[in-house]
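Reader: Before I rely on any of the labels attached to this model, I would like to hear how each of them was reached. Could you take me through them?

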Amino acid sequence: MRRGLAMRRTTSVIVVTAALVLGVPTLLSGQAAGSGRGGRDGNRGQVAPTVPITPSVATYQGEKNGDTRIFRLTATEFQQQLATFPIRNATVWGWQVTGRPETRSTPGPTLVAYEGERIQFVVTNNLPQPTSLHPHGTHQPNENDGVAGINFDPINPGETRTYTPYRPGHAGTFAYHTHTNTATQEPRGVVGLITILPQRVAWMDKPNVDIGMTLQTFNPDGPDADDTTVPGEGGKMLNPSDEGGLIAPMPDDRGMFPFFTINGKTGDASNTGVPGAPNGPIKVNQGDLVQIRLYNASSMSHAMHMHGTDMTVVDINGHPVSPQTVTAKAIAPGEFFTVRFRANNPGTWIFHCSFPGHQANAGKSGFQGAPVGMTRIIQVGNAAPVPAAYFGPPS
Ligand SMILES: [Cu+2]
């Protein structure tokens, strides 16, 4: 056995925890069971696909009914810790598995289905205004497109809408997000990731660690003229540094979204598992093939960069591409890229957006000037611990 067990255990805990939290069929047939064990990888036949982990976000496999996988989702308002420095909480709009508030987050729970299955959404709206769910990148029938005023009557507050079951077209990484009052709702967080896993992939294409990352930007500090649900007395914003004001859908007066997040957390506030898990780095074993699925749900491009190694773009939205080995990869709003690297270089590294201002929280760096914002720490092999001062407490 070439590998240590640290990441295997970590991964298993994350995946099993998500399965227990959600009461869904076990995920053990995915990443936890199949990743990198010598016997499985040594078999050159076809192996099971990997279920991505999405740190800070729950994984949701829905409910199986025949060949249909049903996802029951509720759009709702809640408080989320975005960052440690200088703000901890903001009022966001995001998603939860219906009836399971412990799964609520922005981005919403990561939906997992398998190629060949039909998927179906049952969407409840607990937002204070009409909304809809638009599957972004799948081949949905027109009535499922969710575009308010064009092809879909929005779902009113308190209403539940059942979508038509359909086949998403092909395996890949996709998203679900509001397409009603998009300019207000999407910057507040009404987005989430969908992964349709291939039934079979070549063994050499199977990563040891598969991580989904949704990129977002938030402005918790600005007033919002078109909304009447701003918390606080007399409609005034509360001080976002303690109570958590409602996310403004527009940039601040510097033209910036002050908080840049991966899976709804700046680097200093990032955790390793489901919502509320302890903060810390993502740990992988030396030699692991690490795959990152990127989705840009923000209003601007981000140039994602891995330290200490090159990374290779292997597919876009499930479609293989000529491998492109890069130092940084710019991803525009609404795009999906899958990048990979072999974790041969031990140590504590960062994966981050290369825009300098996007490595800060409201213009401020973290502990000792550390990059925060759109940053994730990835530890390869036996590395010295990350200074505890870098991470804040979990939300
Ligand atoms: Cu960026």
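This is a predicted model: local features need pLDDT of at least 70, side-chain atom pairs count only at pLDDT 80 or more; totals for chains, interfaces and linings use all residues.

Reader: How do you know which stretches have pLDDT under 50?

Author: The pLDDT is the predictor's confidence in each residue, from 0 to 100, and the chain has a mean of 83, with 80% of its residues at 70 or more. Over residues 1-48 the value stays under 50, and for this stretch the model has 86 contacts beyond four places in sequence, a contact being a pair of residues whose C-beta atoms, placed from the backbone, lie within 7 Å. Residues 225-242 also have pLDDT below 50, with 24 contacts in the model beyond near neighbours in sequence.

Reader: What makes Y60 buried or exposed?

Author: A residue is buried if 20 or more other C-beta atoms, placed from the backbone, lie within 10 Å of its own, exposed if 12 or fewer do, and partly exposed in between. Y60 has 27 such atoms within 10 Å and is therefore buried. Y60 belongs to strand β2 (residues 59-60), where helices (H or I, at least four residues) and strands (E, at least two) are DSSP runs numbered from the N terminus.

Reader: What makes a set of residues a nonpolar core, and where does the largest one lie?

Author: A nonpolar core is a set of buried Ala, Val, Leu, Ile, Met, Phe, Trp, Tyr and Cys residues joined through C-beta atoms within 7 Å. The largest has 76 residues, and those with the most contacts inside it are A175 and L294. Domain 1 (6-205) and domain 2 (212-390), bounds that come from an automatic or database domain assignment, both give residues to this core, so it lies between them. Leaving out residues up to four places away in sequence, L294 touches M213, L215, M304, I331, F336, F337 and V339.

Reader: How do you know that strands β11 and β12 pair?

Author: Two strands pair if DSSP finds at least two bridges between them; strand β11 (residues 172-177) and strand β12 (residues 191-197) are joined by 6 bridges and run antiparallel, with F174 opposite I194 in β12. These strands belong to an open sheet of 5 strands in the order β2-β7-β12-β11-β9, with mixed pairing.

Reader: Why are β15 and β20 said to stand at the edges of their sheet?

Author: The sheet in question is open and mixed, with 6 strands in the order β15-β14-β17-β22-β19-β20. Both β15 (259-262) and β20 (319-326) have a single partner strand, so one side of each is left without a neighbour in the sheet. Inside that order, strand β19 (residues 311-316) and strand β22 (residues 336-342) pair antiparallel over 3 bridges, and D315 stands opposite T338 in β22.

Reader: What makes strand β8 mostly covered?

Author: Of the 8 residues in strand β8 (residues 118-125), 6 are buried. Strand β4 (residues 68-81) pairs with β8 in the parallel sense over 8 bridges, while 3 bridges join β8 to strand β10 (residues 160-162), antiparallel.

Terms used: Residues are numbered from 1 along each chain as its sequence is written. Two residues are in contact if their C-beta atoms, placed from the backbone, lie within 7 Å.
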